[in-house]
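The following explanation is written for a reader meeting this structure for the first time. Please keep the sequence and the model in view while reading.

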Amino acid sequence: MTKAMTGAKMVVQALKDQGVEVVFGYPGGAVLPIYDEIFQQSDIRHVLVRHEQGAVHAAEGYARSTGKPGVVLVTSGPGATNAVTGITDALMDSIPMVVLTGQVPTFMIGSDGFQEADTVGITRPCTKHNWLVKDTGSLSATIHEAFHVATAGRPGPVLVDIPKDVQFASAKYQPQAEAKTARYQPKVQGDTEMITRLVEAIETAERPVFYTGGGVINSGPVASQLLRELVDATGIPITSTLMGLGAYPASGRNWLGMLGMHGLYEANLAMHGCDLMINVGARFDDRITGRIDAFSPRSAKAHIDIDPSSINKVVHTDMPIIGDVGNVLGEMLELWKARGRKVNREGLQRWWAEIEDWKKTECLSFKPSEKVIRPQHAMARLEALTKGRDRYICTEVGQHQMWAAQYLGFEDPNRWMTSGGLGTMGYGFPASIGVQVAHPDALVINVAGEASWLMNMQEMGTAIQYRLPVKQFILNNERLGMVRQWQELLHGERYSHSWSEALPDFVKLAEAFGAKGIKVDDPADLDDAIAEMIAHDGPVILDCLVEKHENCFPMIPSGEPHNKMLLGEASTQDAIKEGGAVLV
Amino acid sequence: MPALNIKKGSTKHSAYNLRPSFSEHLETHTLAVLVDNEAGVLARVIGLFSGRGYNIESLTVAEIDHEGHTSRITIVTTGTPQVIEQIKAQLGRMVPVHEVHDLTVEGRSVERELALLRVEGTGDKRVEALRLADIFRAQAVDSTLDSFVFQITGTPEKVDAFADLMRPLGLVEIARTGVAALSRGS
């Protein structure tokens, strides 16, 4: 028997039933009844952010680092619209998230009431699904369905808009078991016949490559485990997208490094030259493929994805397998073993010899300077000084993000939080807060650029309030580095508005919030500064002044295929042609 | 640096072309989409088409099961085979969408549209309009001394043909329902 309760109480009850431990949010008029209920209980922890965008990114960081859905609670109108960037970010990167928004009372909807916005209308294209709950009787069932939709199939953000009168009114609470989930049941088992074809292809391929993505991480730790087993047992080389880093360990024997626009030379050439491409939970994003009509021209392509709409969206797939990556990898591994663990040994040997040749290019090599800290050097030192620790890395968006992806090695899934699809500057700092909330004792570092970091710097207040010892490692080049790089390569070195004028003193800024600030500009002091940052028990801003005009290489210029990579400054002259210039 | 043995300039396309090397041939398909009749479901479907740049040639929607709250949306759309497949996959993954049927490929189907046309004129033109309406089995559902409102049912092509004939005879206004379609019995 379930008893009647208010809508506000139902919200909290439903969250508890869903196993929610933390809610990231910001109160306001239209969610006051829910905040009143939160006040009167202690099972669910509420983390007060300083801006609703921060709440969503923090929930993303929480979700990405735990595998559990992130939960956000914000008010109507500006509360909801401020959350839109984060929700879109979660949609692009398939992050499970439930966003609860307050709404003006039902009888005021449509009257342009105070803090009214058409939240379900605004968020319809940036959520997996959303609901406007018009009566309290359906509220709890809707929240349960929301959690189901957010986590089932390809994960993503959902939003439940709750008018204030619905929060005040009472009705019977429907437990999770009674919630309607039947209408959304994505296919998770792969087609055995197609899996068999893929296993046959693996047995004979001369130049196979695994191309893995965020789907492996979203599928859960079992998928990463199965991937490792399959890759190591077959001896097939593996590369990964930005979102998939950590699924296969960077120290693994078969690891080629990240692929794509700023990916490694050997990874991109392996993609270009392979005869069998096995896409596991990636989506042929334009940062990966470069020029589509010259993308891996001679390979048979297998694509394992839980979302049928990812198949054949941009690249034609010869072996489409719709299903959960974990299930499909499990079935592949079993079948491959049962058929006698065959691979084309001679072909693989030649293939690896070719790859080893490409590796000799040492596309990430750089010469540290004695005068100025080069950003690559800063990342390499961070890697050296934190290696072996169970660390969580977040990033903002731009050059620093690519350097972090290139120079830091990820050994496990869920340790790397970055905004891949949407490329949201301002993601990393709040995401690091969400990660630290989920893992209070872990080392959480946000590798940032000074421009990105300033976009959500108000969250320093959150870090201090909740004693979250997040480390903000700012690679400060006083530039919007990636914009500057493109202007150099593409727009005749006319650096239109791509410098950071009037920057704050980051040390004083940290101190103003009650945190520790460190500044370093001499390469000789870098190690000490990083060590000091790690050792401090509390939030730290490390203002690392780096070379201002460093460009990020390797780089596939837009509009070009994988085998037209630029490896360094010398090769940049007229690298981007007119056609490529229109691309982003 | 060891070069991969890739033929230089292996494509004639310009670098603008981020489109996949799928067929460029355009096809028109009629899709029947069964959805939960809940708030916003039509906006979701239309938003998908506008947001992803798909064409809608015709769209009709009405509740078909009052108790089950189910509606049927019939969409006529044009695109390359790959785009048509994308549309179906994108529709299929929406939460309130139960079934997506491509009537164009799932065997034979019947497509009908209803249109109302007001034709104004006198004398010979008026007589000719009435005569053509008879040939097309259009009914006059309203008449004054100098106008008719014709109701015609048929395929979109038939409605087009009738409207073309009425234009020189004084067609002043037309309202069309869009296509409703159903697969034929086997």
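The paragraphs below move from domains and cores to helices, and then to individual residues.

The model is predicted: local features need pLDDT of at least 70 and side-chain atom pairs count only at pLDDT 80 or more, while totals for chains, interfaces and linings use all residues. Residues are numbered from 1 along each chain as its sequence is written, chains are lettered from A and ligands numbered from 1 in the order in which they are written, and side-chain values use heavy atoms, with hydrogens and water left out.

Chain A is divided into domain 1 (4-178), domain 2 (192-359) and domain 3 (375-552), with bounds that come from an automatic or database domain assignment. The C-alpha centres of domain 2 and domain 3 of chain A lie 31 Å apart. Their contact (heavy atoms within 4.5 Å) takes 16 residues from domain 2 of chain A and 18 residues from domain 3 of chain A.

In soluble globular proteins, nonpolar side chains tend to be buried together. A nonpolar core is here a set of buried Ala, Val, Leu, Ile, Met, Phe, Trp, Tyr and Cys residues joined through side-chain atoms within 4.5 Å; buried means under 20% relative accessible area, exposed over 50%, and partly exposed in between, with a 1.4 Å probe and protein chains only. The largest nonpolar core has 102 residues, and Leu198(A), Met332(A), Met379(A), Phe473(A) and Met533(A) have the most contacts inside it. At least three residues of this core come from each of domain 2 and domain 3 of chain A. Not counting residues up to four places away in sequence, Leu198(A) touches several residues, among them Leu276(A), Ile304(A) and Met332(A). A second, separate core of 45 residues includes Val72(A), Val99(A), Cys394(A) and Ala442(A).

Helices and strands are DSSP runs numbered from the N terminus, helices being H or I with at least four residues and strands E with at least two. Two packed helices are described by the angle between their axes and the distance between the axes. Helix 1 (residues 7-17) and helix 2 (residues 32-39) of chain A pack at an angle of about 55°, with their axes 8 Å apart. The axes are lines fitted to C-alpha atoms, for helices over the stretch in contact, and angles run from 0 to 180 degrees between N-to-C directions. Residues that make the contact include Val11(A) and Val12(A) of helix 1 of chain A, and Ile34(A) and Ile38(A) of helix 2 of chain A.

How many residues of helix 11 of chain A are buried? Nine of the nine residues of this helix (residues 265-273) are buried, so helix 11 of chain A is largely enclosed by the rest of the structure. Among the elements that cover the buried residues are strand 9 (208-212), strand 12 (276-280) and helix 14 (345-359) of chain A.

Chain B has four helices and nine strands. Of its 186 residues, buried ones make up 41%.

Some backbone details remain. Most residues other than glycine have a negative phi, and most peptide bonds are trans. Phi of Ser94(A) is near 55°, a positive value in a residue other than glycine, and Ser94(A) is buried, with a relative accessible area of 7%. Arg137(B) likewise has a positive phi, near 55°, but counts as exposed at 72% relative accessibility. A cis peptide bond, with omega about -5°, joins Phe553(A) and Pro554(A).
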